[in-house]
Amino acid sequence: MITKELIQSKFKSIFQADPIVVRSPGRINIIGEHTDYNDGFVLPAAIDKAVYIAVSKRADNLISLYAEDYKGAYEVELDHIAPTDLHWPNYILGVVDQIQKRGFEIGGFNLYIDGDVPLGAGLSSSAAVECATTLALSELFELHIERLEIPKIGQLAEHTYAGVKCGIMDQFASTFGKKDHVLKLDCRSLEYEYVPLVLDGFTIILLNTNVKHALGDTAYNKRVEQCKKAIAWIKEKYSTVVNMRDVSVAMLDEMVKDKDAEVYTKTRFVVEESERVHEACEHLKAGNLVALGQNLFASHHGLSKEYEVSCEESDYLVDFTKQFPQVLGARQMGGGFGGCTINLVKDDFVSEFIAQVSPQYLAHFGKELTVIQVKTDDGTSVL
């Protein structure tokens, strides 16, 4: 278990200084996938797995980083930061770049990073790193960065230094998460509503396929471009349309369907997925977990067959759950191409469910399935 004291001790052994320690959680997304960069709605929650960042000032102009997961160090002069092939420092350096671009003055610093958010599982370890780094540097250099700016800085850091055109959901959920609640987030206005997550005898179980996705890959960014293409066609007639958020299925039928069948299928998924977020909130408020589960299955069908961002392993796991009435719903979660499925499982069935699915997955794919049980938690904070 990671504690503030453990982080402080590790930091001191490397940098011989007393640090400020910040914790930023990973996130799950109940529903609303690939709607965030389309200005739509999402329904994430912060979880009890987090990234921890410790920082202290230096007397010189050096940024000195150490990542526990990689047992690796990286150093660069503050005036010479740039994206690196080493990859992991980019999420930190991208934040430094954004802070400087906003006119804030910072000096050299030491930074240590550790965490228990599984890497590559679609739980947004990268967003947690960005948000933790932003708050840590704000505290260290007394920048007083406004809380709403934290996810914005994180998102732009990911765009510019990691090369992923992500929406703002992950960083927002990491920053603003609230225990026992999900966030209904409007990704355009950034208005949000806390919706109580009352699972009443059910548990959220994540099944990590252990298929590693690299979201910087062409497929994710290609979806972003396909959505932009549809918008350009629709704007030829409907000038008020800005993003997929403003689009109806009727508009797609009229302006996109005959031009490009693939773009039509992809963008129709986005419109329908955003609508599922509204439905899911109503189901949660009404305590109708069965209907929520059906939303999850419908979302996965769209992700797999329409948006085509699933993978064989995720499809297998979701199909496998359908034989059990004790599993109300399941779907692939995150950007896609691997990572986790999210499953709504009856409390007293969890052990049996794991006992059945794990060996079947191993036999079918020759790889281990990692089971992660999560609870909701609070957002980014100084410990």
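Q: Buried means under 20% relative accessible area, exposed means over 50%, and partly exposed is what falls in between (1.4 Å probe, protein chains only). With that in mind, is Tyr70 buried, exposed or partly exposed?

A: Tyr70 has a relative accessibility of 47%, so this residue counts as partly exposed. Trp88 has a relative accessible area of 8%, which means that this one is buried. Before we go on, a word on the model: this is a predicted model, in which local features need pLDDT of at least 70 and side-chain atom pairs count only at pLDDT 80 or more, while totals for chains, interfaces and linings use all residues. Residues are numbered from 1 along each chain as its sequence is written, and side-chain values use heavy atoms, with hydrogens and water left out.

Q: What percentage of the residues in the protein is buried?

A: Of the 383 residues in the protein, 60% are buried.

Q: What does the radius of gyration say about the overall form?

A: The radius of gyration is taken over C-alpha atoms, and the globule rule is 2.2 Å times the number of residues to the power 0.38. For 383 residues a compact globule would come out near 21 Å, and the protein has 21 Å, so the two agree. Along the principal axes, the C-alpha atoms fill a box of roughly 60 × 55 × 40 Å. Contact means heavy atoms within 4.5 Å. Among the contacts with a separation of 6 or more, 71% are between residues 24 or more positions apart.

Q: How many helices and strands are there in the protein?

A: The protein has 11 helices and 13 strands. Helices (H or I, at least four residues) and strands (E, at least two) are DSSP runs, numbered from the N terminus.

Q: How do I read strand pairing, and which strands are joined to strand 1?

A: Two strands pair if DSSP finds at least two bridges between them. Strand 1 (residues 20-29) is joined to strand 3 (residues 44-57) by 9 bridges, and the two run antiparallel. In this pairing Val21 stands opposite Ala54. Strand 1 also pairs with strand 13 (residues 381-382), again in the antiparallel sense, over 2 bridges; there Arg23 has Ser381 as its bridge partner. Strand 1 is mostly covered, with 9 of its 10 residues buried.

Q: What is the strand order in the open sheet of 4 strands?

A: The order is 10-11-9-12, with antiparallel pairing. Strand 10 (327-332) and strand 12 (370-374) stand at the edges with a single partner strand each, so one side of each has no neighbour in the sheet. Neighbouring strands of this sheet are turned by 20 degrees against each other on average, direction ignored. For such angles, axes are lines fitted to C-alpha atoms, for helices over the stretch in contact, and angles run from 0 to 180 degrees between N-to-C directions. Strand 10 is joined to strand 11 (residues 340-346) by 5 bridges, and Gln332 has Thr341 in strand 11 as its bridge partner. Helix 10 (residues 312-321) lies across strand 9 (202-208), strand 10 and strand 11, at about 170 degrees to strand 10.

Q: Which strands form the open sheet of 3 strands?

A: That sheet has the order 2-7-8, with antiparallel pairing. Its edge strands, strand 2 (41-42) and strand 8 (192-196), each pair on one side only. Strand 2 and strand 7 (residues 181-186) pair over 2 bridges, and Val42 stands opposite Leu185. Helix 5 (residues 169-176) packs on this sheet, touching strand 2, strand 7 and strand 8, with its direction at about 135 degrees to that of strand 7. Helix 8 (residues 261-286) touches strand 2, strand 7 and strand 8 too, and makes about 45 degrees with strand 8.

Q: How many aromatic pairs are there?

A: A pair of aromatic rings is described by the distance of the centres and the angle of the planes. Rings of Phe, Tyr and Trp (its six-membered ring) pair if their centres lie within 6.5 Å; planes under 30 degrees apart count as stacked, over 60 as edge-to-face and the rest as tilted. By this rule there are 16 aromatic pairs. Tyr70 and Trp88 have ring centres 6.2 Å apart and planes at 10 degrees, so they are stacked. Tyr70 lies in the loop between strand 4 (62-67) and strand 5 (72-77) and Trp88 in the loop between strand 5 and helix 2 (90-101), so the pair ties together parts 18 residues apart in sequence. The rings of Tyr192 and Tyr194, with centres 5.4 Å apart and planes at 80 degrees, are therefore edge-to-face.
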